[in-house]
Every structure is written in structure tokens, then in C-alpha cells.
Amino acid sequence: MKSEILRLLKENDTYLSGQQICDHFQVSRTAVWKVIEQLKKEGYQIEAVRNKGYRLVDSPDVMSKAEIESLMKTRWAGKKVVYYDETDSTNNRAKDAGEKGEEHGTLFVADRQVAGKGRRGRSWESPAGTSIYMTILLHPDMLPSKAPRLTLLMALAVAEGIQKVTGLESQIKWPNDIVIHGRKVCGILTEMSAEIDYINYVVIGVGINVNQETFPQEIQERAVSLKAELGTNIKRSELIAATMESFEKYYEIFRKTEDLSGVRELYNSLLVNIDKEVKVLEPGHEYEAYALGINETGELIVRLQDGQEQEVYAGEVSVRGVYGYV
Ligand code: BTN
């Protein structure tokens with residue numbers, strides 16, 4: 001009920017009487033009062049005026065199940081939120097839940113991760129109070145070979161979410177890093193449990209540097225936060241909800257064809273590598289090529305020095321700028 005009361009307060013600029021809230025949810029005045037008191041303790045500024053009722057004056061950067069759910073405008077993506085003040089890794093939580101048959105679209109969010117994971121076995125620094133660590137659980141009814149495409153959809157969704165909430169324009173470094181002015185602001189880690197021709201579940205984990213002011217020394221040259229770009233704090237829950245709204249939209253476009261034909265043009269318009277010399281790093285082999293954009297199945301098309309075109313598959317490959325990260 002907390003999420004619903006919050007949502008109602010957010011949707012109303014004027015005062016809502018206690019009676020209106022009671023009638024809406026068919027609960028007692030005491031129950032409403034208790035929820036309002038809890039919300040105040042969590043940091044919401046709620047004005048209570050005799051004979052008028054309650055009005056939400058301001059919500060701080062609160063991260064909670066109720067806050068996130070109250071902002072969610074989706075039908076299924078992130079409609080159900082499982083929230084942790086602290087966990088090992090939201091990808092691990094989502095995978096455990098996937099094993100138990102938790103529903104498609106459930107979103108796992110943490111304020112802090114103590115064993116955050118990056119791609120290729122790296123760790124993902126996940127301090128409390130500043131960033132977004134979230135993982136969506138999916139049960140896609142399609143061939144496992146198509147699952148990597150979902151990561152590209154999430155990259156699009158994050159870029160759009162950032163644009164909607166902050167106005168900042170970001171770009172995508174193929175396949176799934178989000179960058180602003182050449183520095184990484186978000187990483188995505190997709191994991192899957194599958195049989196040869198059947199997906200049990202896919203989890204897509206997203207780490208967004210939102211309000212961080214400092215980074216570990218080894219990444220400070222190529223990482224950035226939204227706050228550093230914008231100059232003000234950003235409400236993480238709003239960005240989570242906006243990203244889920246965009247993800248649901250792109251996922252549904254994707255479902256029609258199970259390829260990226262419906263989003264390819266948009267993806268390529270955001271691609272930081274497009275029309276640039278890149279360095280393709282394969283295990284044990286690296287070469288330079290000219291990036292032309294992605295194809296309908298999400299591979300990066302590059303032109304080699306002899307003029308031949310080639311598809312680069314994500315996975316173990318990484319693509320860099322010739323002189324640095326992008
Ligand atoms: C990368 O290396 O770029 C991918 C980073 C992915 C980090 C996110 S944070 C939420 C989710 N849980 C994890 O342990 N990792 C992902």
C-alpha cells in the first residue's frame with residue numbers, strides 16, 4: 001500500500017485529504033497516518049494541513065521498493081521490485097530467483113553490492129548511496145543464440161532513460177557500455193541459464209554511475225558519473241523507472257522479429273564507434289579496422305584494411321578506440 005499511497009501523492013499537486021486516501025484504498029485513517037509517518041521518516045517532505053490533508057512537497061533521492069514501484073509506468077518490466085539495502089550482486093539475486101521460477105520482468109535493485117561483478121570476471125565497485133545497481137530477470141521464449149541482443153536493447157534503454165531524466169546525451173560503445181564525452185557512465189552484464197535450444201532465464205545487470213564524486217584510481221581516467229556531467233544530484237529511482245519504461249518499449253519491438261531491425265538505426269545513431277578506426281581485441285589476436293555500425297543481429301560490422309567487411313561478435317571480443325577507451 002505504501003507504493004500506492006506514494007504514487008497517489010505524486011500524482012496530485014494539491015492536498016489529498018486523509019478521507020480521500022482512506023476511501024481510495026479502503027483502509028482506516030490510522031493505517032494511512034502510519035504510512036505517512038513512515039514516509040516522513042524515510043525523508044519524504046509531506047505537509048499535513050488540518051482540514052486540507054496531505055501534500056508531497058519533495059522526495060529526496062530515496063531508494064526503496066515503495067519509491068521505485070510508485071514511479072514505475074510499465075506493464076511488466078520492473079513492475080515488481082525486490083529491493084536490498086545491501087547484497088552481494090543483484091545479478092546473483094536475480095539468478096537465484098530465476099532458478100525458483102520468479103516472474104518475467106522482476107527487477108532486483110540494491111543500494112550497495114559487496115561482490116558486484118563486471119564483464120570478463122572483473123569486479124564492479126558498488127558503494128552505497130550513490131549509484132544504480134539493478135538486474136532484470138527475463139524468461140524469453142526464444143533461442144539462446146539470440147539472447148545477447150537483449151543487452152543491446154538495455155543499452156538503448158539506459159541511454160534513453162538518462163536523456164529523459166537528466167537531459168544528458170549519452171552514446172553507446174559497442175556492445176553495451178554507455179559513455180558521455182568518451183567516459184564510461186554505465187556497464188551492463190548479461191548472464192543466462194539455458195539448454196541447447198531453450199532459455200531458462202536471462203538476467204541483465206545494469207550499473208550506472210549516478211551521483212558518485214570519486215572513482216577508484218585505476219578507472220578514474222575513463223569513468224564519469226551523471227552528477228559530474230550535470231552538476232546536480234539525480235534521483236536514482238526516477239532513472240530506474242525511466243530506464244525500465246524504455247526497456248519494455250524496445251523489448252516489445254524486438255519481440256516482433258527477434259532481431260534488431262526495429263532499433264538498428266537508432267542504435268547506430270548512438271554508437272560512439274561508428275565511422276571510426278577501432279582496435280578489435282580478440283583473445284590472443286588484435287587488429288585495427290573501420291567500424292561501420294551494427295547489423296540486424298547485433299554484430300559490429302567492420303571494414304578491414306584490405307577493404308573486406310567482417311562481423312565482430314560480442315562475447316570475448318572487445319572494441320577500443322585506436323588511441324584509448326573509445
Ligand atoms: C561491465 O563490466 O561493464 C559490466 C558491469 C555491470 C555491473 C552491474 S551492477 C548490477 C549488476 N550486478 C552485478 O554484480 N553486476 C551488474
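Q: How far is the backbone N or O atom of Arg-119 from an oxygen atom of the ligand?
A: It's 2.7 Å, from a backbone N or O atom of Arg-119 to a ligand oxygen. That counts as a polar contact, a pair of N or O atoms within 3.5 Å. This is a predicted model: local features need pLDDT of at least 70, side-chain atom pairs count only at pLDDT 80 or more, and totals for chains, interfaces and linings use all residues. Numbering runs from 1 along each chain as its sequence is written, and side-chain values use heavy atoms, with hydrogens and water left out.

Q: What does Lys-117 do with its polar backbone atom?
A: A polar backbone atom of Lys-117 is 2.7 Å from an oxygen atom of the ligand.

Q: How much of the ligand's accessible area does the protein cover?
A: 98% of the 410 Å² that the ligand has on its own. Areas are Shrake-Rupley with a 1.4 Å probe.

Q: Which elements give two or more residues to the shell?
A: Helix H5 (90-99) and strands S5 (132-138), S8 (183-195) and S9 (198-208). Helices (H or I, at least four residues) and strands (E, at least two) are DSSP runs, numbered from the N terminus. S8 gives the largest share, four residues.

Q: How many residues surround the ligand?
A: 20, and the closest are Ser-89, Gln-113, Lys-117, Arg-119 and Lys-184. The cut-off is a heavy atom within 4 Å.

Q: How do the shell residues divide?
A: Six nonpolar, 10 polar and four charged. Asp, Glu, Lys and Arg count as charged, while Gly goes with the polar ones.

Q: New topic. Where is the cis peptide bond?
A: From Trp-174 to Pro-175, with omega near 0°. Pro-175 is in the loop between strand S6 (171-173) and strand S7 (177-180).

Q: What about phi of Gln-26?
A: Near 55°, a positive value in a residue other than glycine. Gln-26 is in the loop between helix H2 (18-25) and helix H3 (29-41).

Q: How many helices and strands in the chain?
A: Nine helices and 14 strands.

Terms used
Polar contact = N/O pair within 3.5 Å; in protein donor to acceptor, adjacent residues only side chain to side chain.
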